[in-house]
Protein chains: 2
Amino acid sequence: MTTDAETPRPITRIQREKQEVILEAALDVFSKFGFRGSTIDQIAEAAGMSKPNLLYYFKSKEDIHAPLLARILDTWLEPLREMDPKGDPLPEIQSYIRRKLEMSRDFPRESRLFANEMLRGAPGFYDILHTDLKDLVDEKVKIIRGWMAEGKIAKADPYHLIFSIWATTQHYADFDIQVKAVLGRERGGEGRFEDAARFLDQLFLHGLSPKK
Amino acid sequence: MTTDAETPRPITRIQREKQEVILEAALDVFSKFGFRGSTIDQIAEAAGMSKPNLLYYFKSKEDIHAPLLARILDTWLEPLREMDPKGDPLPEIQSYIRRKLEMSRDFPRESRLFANEMLRGAPGFYDILHTDLKDLVDEKVKIIRGWMAEGKIAKADPYHLIFSIWATTQHYADFDIQVKAVLGRERGGEGRFEDAARFLDQLFLHGLSPKK
DNA sequence: CTAGAATTTTTCCAATCGGTCAAAAAAATT
DNA sequence: AATTTTTTTGACCGATTGGAAAAATTCTAG
């Protein structure tokens, strides 16, 4: 009892698996050196196959890169999408920060790939930023403005609030090396994410003003 | 007769000027595509000269890249160095944030070059991070801890405080394209840095808790 | 087993890469 | 003006790049 029926264009199990292996290897390479700085040979070696063999599964370098990018922005914005207008404002924002921080912890390569793309000016990504991304942010900004109007949270520029959440959380993926270097051996372990979470909780809740 | 005392190496005016032109062009290119993603041809064209001519002034690609990096980390950390232990804590921190934000506004390419270097794992930069950088941060962390012990500012992890300042300010250089896309035409102008400064002032002072 | 399809390897290619070298051109020095 | 030094150019080199073609292999269905 085979679950898959006979199709005229059968995508074999091997195809699916190898494509996954290649994308995984490509993520490793692209996230470090960016698109132009990465070579197909490099990716092929990381994927454990020859270059022509890799090119049998993906026609070009672009064809490997594109699906990685497409996949990322979507999952990247999921936490923001989940910010609930009906929830309690402060916990809602805290939860967003926590989720975003977890993504930096669990998917640092994806974060770095995204950063690399931004650094070179996000070619072929530009449109999505101005449409999908902007629309989503605009929508959430309205929600945040609502919360501010109700006095549930302090008034502040909601756009820059979102930027600051992106920045502080992604920093732990993109600048991981610097973070670990500065924290040193004792503080630089996996516990650094919990320290970061605690700090960010306080920062976004109360800032640095001393308690009275 | 070797006159090594008078003019051991006459560095001409042209040499200095052209080297500056090259470094300027290289900053443009390297900050976008990183070291591996940039080509000497690209830099030469941006500098308005032929590749062999450029290589007359810098022996190799590395020789163009290295001085750019060396120059950056130094100027980059200047604002942190200037944080005065004798000053008022909160204004001192606010001033640091403001300076750092101004650097993102005035030297975005330098910020992006640095980010590119972090993304690829900071090779040949690694030592400096663990020595010079870490020492400086450790020193400033002690100062901040002192302020916290005196009750001048709220208690929070000083390392992650510094990270959050780096992250939030550099974000406006490194993710400039995303920031401008999201802010749109009206809000995305040069005024965005003043909006950011205002927001960051509030964030680091009071966070988001509503006023009572 | 055998035919046909799917996969892998070998070989190859034109373009680009970082970089060299000698000669020409331009400045500077005498 | 003659000479020396500095700067620029053009031609070139071996290595690497992204990618194509085709043969060789492996897999799969009948």
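**Exercise 1. Salt bridges**

The structure, a predicted model, holds 31 salt bridges over all chains. Determine how many of these pairings cross the interface of chain A and chain B, and describe the pair formed by E24(B) and R109(B).

*Solution.* 
Step 1. Side chains of opposite charge can pair when their charged atoms come close. The cut-off to apply is a side-chain nitrogen of Lys or Arg within 4 Å of a carboxyl oxygen of Asp or Glu.
Step 2. Applied across the interface of chain A and chain B, the rule finds zero salt bridges.
Step 3. For E24(B) and R109(B), the closest N and O atoms are 2.9 Å apart, and the two residues form a salt bridge.
Step 4. Locate the partners: E24(B) lies in helix α1 (residues 13-37) of chain B and R109(B) in helix α6 (residues 108-119) of chain B.

**Exercise 2. The interface of chains A and B**

State how many residues are in contact between the two chains and what area is buried there.

*Solution.* 
Step 1. On the side of chain A, 67 residues are in contact with 67 residues of chain B.
Step 2. The size of an interface is often given as the accessible area lost when the parts come together. Between chain A and chain B, about 6000 Å² is buried, and carbon and sulfur atoms give 68% of that area.
Step 3. Within chain A, the residues that lose the most area to chain B are L119(A), V182(A) and L208(A); together they account for 13% of what that side buries.

**Exercise 3. Helix α8 of chain A and its partners**

Classify the packing of α8(A) against α5(A) and against α6(A).

*Solution.* 
Step 1. Helix α5 (residues 89-106) and helix α8 (residues 158-174) of chain A have axes that come within 8 Å and cross at roughly 30°. Angles under 35 degrees count as roughly parallel, and α5(A) and α8(A) are therefore roughly parallel to each other. Their crossing is right-handed.
Step 2. Residues making this contact include I93(A), Y96(A) and I97(A) of α5(A), and L161(A), I165(A) and W166(A) of α8(A). By class, the contact has nine nonpolar, three polar and one charged residues.
Step 3. The axes of helix α6 (residues 108-119) of chain A and α8(A) also come within 8 Å, crossing at roughly 105°. The pair α6(A) and α8(A) is therefore roughly perpendicular.
Step 4. Here P108(A), S111(A), R112(A) and A115(A) of α6(A) meet Q170(A), A173(A) and D174(A) of α8(A). These residues divide into three nonpolar, two polar and two charged.

Terms used
Residues are numbered from 1 along each chain as its sequence is written. Chains are lettered from A and ligands numbered from 1 in the order in which they are written. This is a predicted model: local features need pLDDT of at least 70, side-chain atom pairs count only at pLDDT 80 or more; totals for chains, interfaces and linings use all residues. Side-chain values use heavy atoms; hydrogens and water are left out. Axes are lines fitted to C-alpha atoms, for helices over the stretch in contact, and angles run from 0 to 180 degrees between N-to-C directions. Helices (H or I, at least four residues) and strands (E, at least two) are DSSP runs, numbered from the N terminus. Angles under 35 degrees count as roughly parallel, over 145 as roughly antiparallel, 65 to 115 as roughly perpendicular and the rest as oblique. A crossing is left-handed if the near helix is turned anticlockwise from the far one by less than a right angle, and right-handed if clockwise. Contact means heavy atoms within 4.5 Å. Ala, Val, Leu, Ile, Met, Phe, Trp, Tyr, Cys and Pro count as nonpolar, Asp, Glu, Lys and Arg as charged, and the others, Gly among them, as polar. Buried area is the accessible area (1.4 Å probe) that two parts lose on being put together, summed over both.
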